Amino acid sequence: MGIDWLIVLIKIIFGLVWFLTLTLYLTWVERKESAVIQDRIGANRAEILGLRVLGLFQPFADAIKMIFKEDFVPSFANRFLHTLAPFLSFFFVAVTISAIPFGDKIQIAGREISLQILNANVTLLFVLAMLSLAIYGIVLGGWASRNRYTLLGGMRGAAQLISYEVALGLSLVGVIMVFPSLNLQDIVYEQGELLFGWLPKWGIFLQPLAFLIFLFAALAETKRVPFDLPEGESEIIGFFTEYSGLKWGMFMMTDFMEIIIVSCLLTTLFFGGWQVPWLGPDGFHFPWGWDWFLPRWLVVLLQVGAFNLKVFFFCWFQVLVRWTYPRFRYDQVMDFGWKLLIPLSLINIMATGIIMSVLQ
Amino acid sequence: MMKLLGYFFEIIRGSWITCRHFVVNMWFHTLKVLGIRTKRRGAVTIQYPEEKKEIAPRHRSLHRLMTREDGRPRCVVCMLCMTVCPSECIYIEAAEDSDPEIQKYPKKFIIDLSRCCFCGFCVEACPEDAIRMDTGKIDLATYSRENLIYDLNRLVG
Ligand code: SF4
Ligand code: SF4
């Protein structure tokens, strides 16, 4: 009993450390990638003892700056709720990491340990539920500041996130139909099989339309450009106008954490999670008949590495999207969500059902 | 429907452009890190305090007052610069000069750079070519506003 708790504790620590480190460095990636896209160099001044290493210390410099900034609460704000809001939105995104499968089960000293913190059979629903709850942080932050503009930002955020939640959920119905499970780990196991004997049975090949819908809806969920209505730098001052210092930093961290979670979900649902094509539990089995046997630890390492690689790619991709497109107008966002994505996802569910019943 | 597909095409084209910039610049950055010299650089950035861009000859930088051969300011306190200055940041006090050809010399000549907009009108207005903005000094920022008030000593410099 005690050892089980210890294992869970260690998994939580590992998961959170992975998550927060990646978040921290995603801010660096964002600055550097945007710079490279725009022919600039990007933040490279932070140095420790004359060592600059591509500005890798920049996140720490930013963190120190944020900690020591004045934490200002306007006198007209509701002090308690104003403080609570960033913690709420941070917390609900941070817990979602517990549902993401990082790798296959591993055996240590006769114990089977699943590389997923929360090994329940509703993990997909858990992630979606927690991401929806994160809206509360935004609305609360906008409302508790008692400022008209923040309230507008908060309301816009709520409207946008609720509309895209529908498309997000509906696009996943198709995925759940082809991989009949709500546990992300089981969905990944399903994707280890082969289609026609050579194509990995990844979600992207079975559900291409669902992938596109999920991608757009998930981009909207991260509430960054091109869907940055809650923040809306250019026309409205967003829901965190009245925040400063570390509380503002938590809102910003939440954005980056959402990027990572969305990348994890895209990887897990559509790109085989930790599966490497043709890699079985004992080594590679290529469709053209070659076998290449590998020790168990190397296989697990390859799989965890593959998961990380895929997540990094999607993080990179989302930053690329953020630095490429201008933002939508409010009515365009709503039209796009309600008039295009939701009908498309309904069509996708119907088509999936018909094809599945024909194939049976 | 065709319009929608057109948008979709443009979306993909847009990310293709940024992606191309990323890959090309990243390629040159990587070559630089590996120590391979290339003609093109990955970025157009000039690392300012260490590297400086050459200032164009007509660039308007910090003012200076010109002097005669004997070292006194050329200014005859005609007040043209003070009048033309849109920011009203020049203050001049005259004193009588012993030389009847000159008549007046500036006892005080103060330019408040915290208000100056570097329009260069004072230079254009001066009939004696007594004031110029060609020092090439552009890093004027200081920690206090008083430091930005330049008097005769600092302007003749
Ligand atoms: S540059 Fe323009 S603003 Fe500055 S002192 Fe001369 S006239 Fe005034
Ligand atoms: S315009 Fe020239 S001569 Fe006249 S007051 Fe100004 S600096 Fe002196």
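Between chain A and chain B about 1500 Å² is buried, and carbon and sulfur atoms give 65% of that. Buried area here is the accessible area, with a 1.4 Å probe, that two parts lose on being put together, summed over both. Chain A puts 16 residues into the contact and chain B 21 residues, contact meaning heavy atoms within 4.5 Å.

This is a predicted model, where local features need pLDDT of at least 70 and side-chain atom pairs pLDDT 80 or more, while totals for chains, interfaces and linings use all residues. Residues are numbered from 1 along each chain as its sequence is written, chains are lettered from A and ligands numbered from 1 in the order written, and side-chain values use heavy atoms, without hydrogens and water.

The rule finds one salt bridge across this interface: a side-chain nitrogen of Lys or Arg within 4 Å of a carboxyl oxygen of Asp or Glu. The partners are E50(B) and R45(A), with the closest N and O atoms 3.0 Å apart.

Now the ligands. Ligand 1 is surrounded by 14 residues, each with a heavy atom within 4 Å. The closest are C85(B), C116(B), C119(B), G120(B) and C122(B).

Chain B itself is assigned domain 1, 1-45, and domain 2, 64-156, with bounds from an automatic or database domain assignment. Their C-alpha centres lie 50 Å apart.
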